[in-house]
Amino acid sequence: SILNQKQKNIELILVDDGSTDSSLDICKKWEKRDNRIRVFHQENSGVSAARNVGIENSKGKYISFIDSDDVVSETIYSTFDEFYKTNVDLIRFRCKTIYGKLGFESKNFVDGFLNFNSLYEKYSLFFNGNTFGSVCFTLFRREILSNIRFETKYRYGEDYLFYFKILENVKSAYISNEVLYYYMINYSSATRRVDFEKEMKEIKDHFNVDFEVEDFLRKQGLNSLLNDAWSCTIAATQNWLKNLSKNYSFNQFKTLVAELKESSELLGYYEYADDNHVLKMKNILKNTGFSYYLKERSVGYCKKIIKSFFTK
């Protein structure tokens with residue numbers, strides 16, 4: 001889908017992140033077929049390190065990120081030809097999440113050209129405009145990246161933090177309601193294996209990313225947006241709890257919740273956040289008994305059955 005673009009003036013950087021199958025050979029074959037393709041190989045280091053390799057080796061005026069199992073519209077780049085001439089810093093479009101035959105489009109934006117006059121204006125939109133999400137749904141003017149890269153110490157929340165850092169350099173943006181990216185969900189994969197270390201890494205990364213965001217807001221005098229940052233941490237925690245209930249036994253679920261309650265990350269949140277958000281977080285974690293687990297597991301199971309039906 002990338003090579004079928006109507007906009008032909010592109011480069012395609014393929015980063016093989018330590019694959020153990022024939023992926024690297026396939027990439028190299030494509031590199032020989034099309035001179036727009038360049039292939040890089042690295043030891044397995046994660047998506048953030050792989051994206052950084054792409055950034056550092058890119059030559060184009062604009063950069064986009066596409067995950068290996070997704071699909072893009074043939075007009076994802078040509079749609080914005082007129083805006084490249086204006087040197088707009090950031091171009092955002094919508095995506096469609098695909099579950100086999102079933103698809104859900106992301107929310108409509110307040111679309112149009114935006115010029116930002118203050119940090120508050122940008123970061124207020126970041127939190128409240130439903131405008132930013134995965135980096136895959138955005139074109140970035142290469143110059144605004146400067147020395148900003150994805151944080152390799154995080155495996156979760158790295159998109160969120162990257163966006164947040166980039167926005168400091170953004171002076172203009174074009175927000176489009178065009179659906180140009182297709183996020184593919186595979187429900188036929190094997191059952192998720194038990195991995196406590198991975199689960200704790202996920203939630204702790206979310207807390208630590210949010211701490212960095214909160215530090216930035218304070219340093220920039222954007223204290224009025226701290227409520228939004230604290231709410232994001234709560235939302236990430238709620239989402240984590242729901243996913244645990246869908247994939248783990250109740251005893252495993254209890255063990256992971258107990259570990260979170262004793263973590264330095266949660267204690268740090270209690271020190272950072274205001275009394276209202278602290279109380280809300282404590283109530284959420286307090287109400288994670290068997291009735292909560294059963295409800296979320298049942299809802300998750302029903303959703304999975306419905307979505308699996310449409311993948312056949």
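Colleague: Which residues in H6 meet which residues in H8?

Modeller: Bearing in mind that this is a predicted model, Phe196, Glu199, Met200, Ile203, Lys204 and Phe207 in H6 meet Gln252, Thr255, Leu256, Glu259 and Leu260 in H8. By class, the residues of this contact divide into six nonpolar, two polar and three charged. The two helices, H6 and H8 (residues 250-261), pack at an angle of about 40 degrees with their axes 11 Å apart, and their crossing is right-handed.

Colleague: Why are H6 and H9 called roughly parallel to each other?

Modeller: The axes of helix H6 (residues 196-219) and helix H9 (residues 264-272) cross at roughly 25 degrees, coming within 10 Å. Angles under 35 degrees count as roughly parallel, and H6 and H9 are therefore described as roughly parallel to each other. The crossing of H6 and H9 is left-handed.

Colleague: Which residues make the meeting of H6 with H9?

Modeller: From H6 there are Lys204, Phe207, Asn208, Phe211, Glu214, Asp215 and Arg218, and from H9 there are Glu265, Leu266, Gly268, Tyr269 and Tyr272. The residues of this contact comprise five nonpolar, two polar and five charged.

Colleague: What makes H2 and H5 oblique to each other?

Modeller: The axes of helix H2 (residues 47-56) and H5 cross at roughly 40 degrees and come within 11 Å. Angles under 35 degrees count as roughly parallel and those from 65 to 115 as roughly perpendicular, and H2 and H5, crossing at roughly 40 degrees, are therefore oblique to each other. The crossing of H2 with H5 is right-handed. Val47, Ser48, Arg51 and Ile55 of H2 make the contact with Glu158, Asp159 and Phe162 of H5, which by class gives three nonpolar, one polar and three charged residues.

Colleague: How do you know that Leu145 counts as buried?

Modeller: Buried means under 20% relative accessible area, and Leu145, at 1% relative accessibility, therefore counts as buried. Leu145 is found in the loop between S8 and H5, and, leaving aside its neighbours within four places in sequence, it is in contact with Ile55, Ile63, Phe140, Phe162 and Ile166. The C-alpha atoms of Leu145 and Tyr272, which are 127 residues apart along the chain, are separated by 29 Å.

Colleague: Why is Thr97 called buried, and why is Gly103 called partly exposed?

Modeller: Buried means under 20% relative accessible area, exposed means over 50%, and partly exposed is in between. Thr97 has a relative accessibility of 16% and so counts as buried, whereas Gly103, at 31%, counts as partly exposed. Thr97 is found in strand S5, and Gly103 lies in strand S6 (residues 102-105). Leaving aside neighbours within four places in sequence, Thr97 is in contact with Leu102, Gly103, Phe104, Tyr183 and Ile185, while Gly103, with residues up to four places away likewise not counted, touches Lys96, Thr97 and Ile98.

Colleague: What is the phi of Asn87, and why does Asn87 count as partly exposed?

Modeller: Asn87 has a positive phi of about 60 degrees although it is not a glycine, and its place is in the loop between helix H3 (81-84) and strand S5 (90-99). At 37% relative accessibility, Asn87 falls between the cut-offs of 20% and 50%, so Asn87 counts as partly exposed. Ser146, another residue other than glycine with a positive phi, has a value near 50 degrees and lies in the loop between strand S8 (138-141) and helix H5 (158-167).

Colleague: Why is the protein chain said to be as compact as a globular protein of its length?

Modeller: The protein chain has 11 helices and nine strands. Its radius of gyration is 21 Å, close to the 20 Å that the globule rule gives for 312 residues, so the chain is as compact as a globular protein of that length. Along the principal axes, the C-alpha atoms of the protein chain fill a box of roughly 55 × 50 × 35 Å, and 46% of the 312 residues count as buried. Of the contacts in the protein chain with a separation of 6 or more, 77% are accounted for by residues 24 or more positions apart.

Methods: Residues are numbered from 1 along each chain as its sequence is written. This is a predicted model: local features need pLDDT of at least 70, side-chain atom pairs count only at pLDDT 80 or more; totals for chains, interfaces and linings use all residues. Side-chain values use heavy atoms; hydrogens and water are left out. Axes are lines fitted to C-alpha atoms, for helices over the stretch in contact, and angles run from 0 to 180 degrees between N-to-C directions. Helices (H or I, at least four residues) and strands (E, at least two) are DSSP runs, numbered from the N terminus. Angles under 35 degrees count as roughly parallel, over 145 as roughly antiparallel, 65 to 115 as roughly perpendicular and the rest as oblique. A crossing is left-handed if the near helix is turned anticlockwise from the far one by less than a right angle, and right-handed if clockwise. Contact means heavy atoms within 4.5 Å. Ala, Val, Leu, Ile, Met, Phe, Trp, Tyr, Cys and Pro count as nonpolar, Asp, Glu, Lys and Arg as charged, and the others, Gly among them, as polar. The radius of gyration is taken over C-alpha atoms; the globule rule is 2.2 Å times the number of residues to the power 0.38. Buried means under 20% relative accessible area, exposed over 50%, partly exposed in between (1.4 Å probe, protein chains only).
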